[in-house]
Amino acid sequence: MVTEIEDELSQVNAGIKSNGYTIKTNDKTYGASTIAAFGVVLAKSSSNPTIKRFWWGIRVYMRNKTAVNKEIAEFKNGQAIAEFGSLVSPPVGVTLSVYFSNIADHLTNMRDAHPHSKLYMDINRFGAYKIKTY
């Protein structure tokens, strides 16, 4: 298992280096934090979801209900695209559609259960995700 982890870290580090990034020592992220939908440099007061990239995957911060709603809309849009893609490749399209739908539903449930909390979502390199408050 240690060898597998070391191999994964080597691949991630090679990708980071080949893109000209360096890992920031203060928070262990790399690259610029971005607004999730448009890839624009983060404005801290923004009501858009923002992304930080880590070696293990990404973390999406949603600082208010507007940001959560925008992220839900992104996943519902991804679901619609995947459903359309199922015409070309049914197994892949259906699988992605269900995946995006599950994330959108989970975000909706978290938003409704914690209306005054900020949310973050971690998505690892294998597609597993978790949504928590902060």
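# Helix packing and overall make-up

Me: How does α2 pass α3 here, in a left-handed or a right-handed crossing?
Reply: In this predicted model, the crossing in which α2 passes α3 is left-handed.

Me: And at what angle do the two pack, with their axes how far apart?
Reply: Helix α2, which covers residues 65–85, packs against helix α3, residues 90–113, at an angle of about 165°, and their axes are 8 Å apart.

Me: Roughly parallel or roughly antiparallel, then?
Reply: Roughly antiparallel, because angles over 145 degrees are put in that class.

Me: Which residues in α2 and α3 meet?
Reply: On the α2 side they include V68, I72, F75, Q79 and A82, along with the charged-type names K65, E71, K76 and E83, while the α3 side includes L96, F100, I103, A104, L107 and R111.

Me: What share of the residues is buried?
Reply: Of the 134 residues in the protein chain, 34% are buried.

Me: What about the accessible surface, and how much of it belongs to carbon and sulfur atoms?
Reply: The accessible surface of the protein chain comes to about 8400 Å², and carbon and sulfur atoms account for 58% of that.

Me: Last one: what percentage of contacts join residues at least 24 apart?
Reply: Counting contacts in the protein chain between residues at least 6 apart in sequence, 39% join residues at least 24 apart.

Technical notes. Residues numbered from 1 in each chain as written. Predicted model: local features only at pLDDT ≥ 70, side-chain atom pairs only at ≥ 80, totals over all residues. Heavy atoms only, no water. Axes fitted to C-alpha atoms, helices over the stretch in contact; angles between N-to-C directions. Helix = DSSP H or I, 4+ residues; strand = E, 2+ residues; numbered from the N terminus. Parallel < 35°, antiparallel > 145°, perpendicular 65-115°, else oblique. Left-handed = near helix turned anticlockwise from the far one by under 90°. Contact = heavy atoms within 4.5 Å. Buried < 20%, exposed > 50% of the residue type's maximum accessible area, 1.4 Å probe, protein only. Areas by Shrake-Rupley, 256 points an atom, 1.4 Å probe, with all protein chains shown as cover.
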